[in-house]
Amino acid sequence: MENKKVGIIGVGNVGSTLAYSLASRGICSSIVLKDIRENIVEAMALDISQAANSAKSHTIVKAAKSGEDLKDCEVIVITAGIPRKPGMSRDDLLLTNAKIMQAVLEDIKKYAPNSKIIIVSNPLDAMVYAALKILKFPREQVIGMAGILDSARMSHFICEKLGYGAGQIESSVMGGHGDAMVPLVNYSTVAGVALPELLSKEDIEDIVTKTKNGGLQIVKLLETGSAYYAPAHATSLMVEAILYNTKKIYPCSVMLDGEYDCKNVVSGVPVMLGANGIEKVIELKLDKEQKELFANSVASVQELIDTLDEKFFI
């Protein structure tokens, strides 16, 4: 197998679960884990490496000693950042995580300028914008993980509502990774059957509401954390598509350059993923209501971008 090296920066619940998933399935030849908590990252590397050996996987897992260990990574996933704390404003979270992102990206810019970057840190769309502005990489190289996760949540709620269809549900969600996301009912199916043919308007509206609040529901239940299994698996699909140049189409957060009549703003849209990162941005035909909802979603991200430009990139 040719060298397929993956870097993961930030080895909390999402980062470590992602590393375990990639290593146990043998998706890549090597994984390098990087975190400011050196003892934690060493422990995780040992634990995941031992799990990989138990699974008879060829993947080698190591802890980074310095930023130079990111050299030759084909893909680097960034999960570093802090969650919003009680009393913390949205702007405080945004600017704090932008500073963390800036520090993390210095090593990538220096040692892995050709790598494809997958952003998982929140607020996600704004962090993709910050990464692009800091790195000055082509937009194809920097991608946010959100739409796959949001679509998976929608599929879960569809299955829950129907009571059947597990494994046969295809859902589609566009827009920013937040309350203003846009679940696309007419692009969602169960075994090829359009959702409106299976469920009432009221049931579909309930699914849409639950999808928008899917992450918040888990946060409230956990009380001291947020989701990590589903985000990690969604990220692993993106990593695999890039490493193996599969050209699969997934909803991802990207910098728009005229698509959907948007420019210089980041939002979630369907894209083709391959060896170059974003191989193509797919433009879906949206009805009038969907266009309005998507415009509102983009506007909510634009507010965060404006804050970054005014208070961070000065």
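**Exercise 1.** Within what distance do the axes of helix α5 and helix α6 come, and at what angle do they cross? Classify the arrangement and describe the contact.

*Solution.* The model under study is a predicted one.

Step 1. Helix α5 covers residues 147-162 and helix α6 covers residues 201-212. Their axes come within 9 Å and cross at roughly 140°.

Step 2. An angle counts as roughly antiparallel only over 145 degrees and as roughly perpendicular from 65 to 115 degrees. The two helices α5 and α6 are therefore oblique to each other.

Step 3. The crossing in which α5 passes α6 is right-handed.

Step 4. On the side of α5, the contact is made by D150, R153, M154, F157, I158, E160 and K161; they meet D203, D206, I207, K210 and T211 in α6. Sorted by class, the residues of this contact are seven charged, four nonpolar and one polar.

**Exercise 2.** At what angle do the axes of helix α1 and helix α2 cross? Carry out the classification of Exercise 1 for this pair.

*Solution.* 

Step 1. Helix α1 consists of residues 13-24, and helix α2 of residues 38-54. The axes come within 9 Å, and the crossing angle is roughly 25°.

Step 2. Angles under 35 degrees count as roughly parallel, so α1 is roughly parallel to α2.

Step 3. Here α1 passes α2 in a right-handed crossing.

Step 4. The residues S16, A19, Y20 and A23 of α1 meet M44, I48, A51 and A52 of α2. Seven residues of this contact are nonpolar and one is polar, while no charged residue takes part.

**Exercise 3.** In what order do the strands of the open sheet of three strands lie? Identify the edge strands, and then examine a hairpin.

*Solution.* 

Step 1. Strands of a sheet pair through backbone hydrogen bonds, in either a parallel or an antiparallel manner.

Step 2. In the open sheet, the order is β7-β10-β11 and the pairing is antiparallel. The edge strands are β7 (169-170) and β11 (193-194), each of which pairs on one side only.

Step 3. Strand β10 (residues 189-190) is joined to β7 by two bridges, and these strands run antiparallel. Within this pair, E170 stands opposite T189 in β10.

Step 4. The hairpin is formed by β13 and β14, with two residues between them. Strand β14 comprises residues 277-281, and its antiparallel pairing with β13 extends over four bridges. G274 stands opposite G277 in β14.

**Exercise 4.** Which residues is E240 in contact with, leaving aside its neighbours within four places in sequence? Follow one of these contacts to its other partners.

*Solution.* 

Step 1. E240 is placed in helix α8. Its relative accessibility is 26%, so E240 counts as partly exposed.

Step 2. Apart from neighbours within four places in sequence, E240 is in contact with R25, I27, N245 and T246.

Step 3. N245 is partly exposed, at 34% relative accessible area.

Step 4. Not counting residues up to four places away in sequence, N245 touches E240, G274, A275 and E279.

Step 5. N245 and M255 are ten residues apart in sequence and 21 Å apart in space, C-alpha to C-alpha. E240 and I100 are 140 residues apart in sequence, with 26 Å between their C-alpha atoms.

Terms used
Residues numbered from 1 in each chain as written. Predicted model: local features only at pLDDT ≥ 70, side-chain atom pairs only at ≥ 80, totals over all residues. Heavy atoms only, no water. Axes fitted to C-alpha atoms, helices over the stretch in contact; angles between N-to-C directions. Left-handed = near helix turned anticlockwise from the far one by under 90°. Contact = heavy atoms within 4.5 Å. Nonpolar A, V, L, I, M, F, W, Y, C, P; charged D, E, K, R; others polar. Pairing = 2+ DSSP bridges. Buried < 20%, exposed > 50% of the residue type's maximum accessible area, 1.4 Å probe, protein only.
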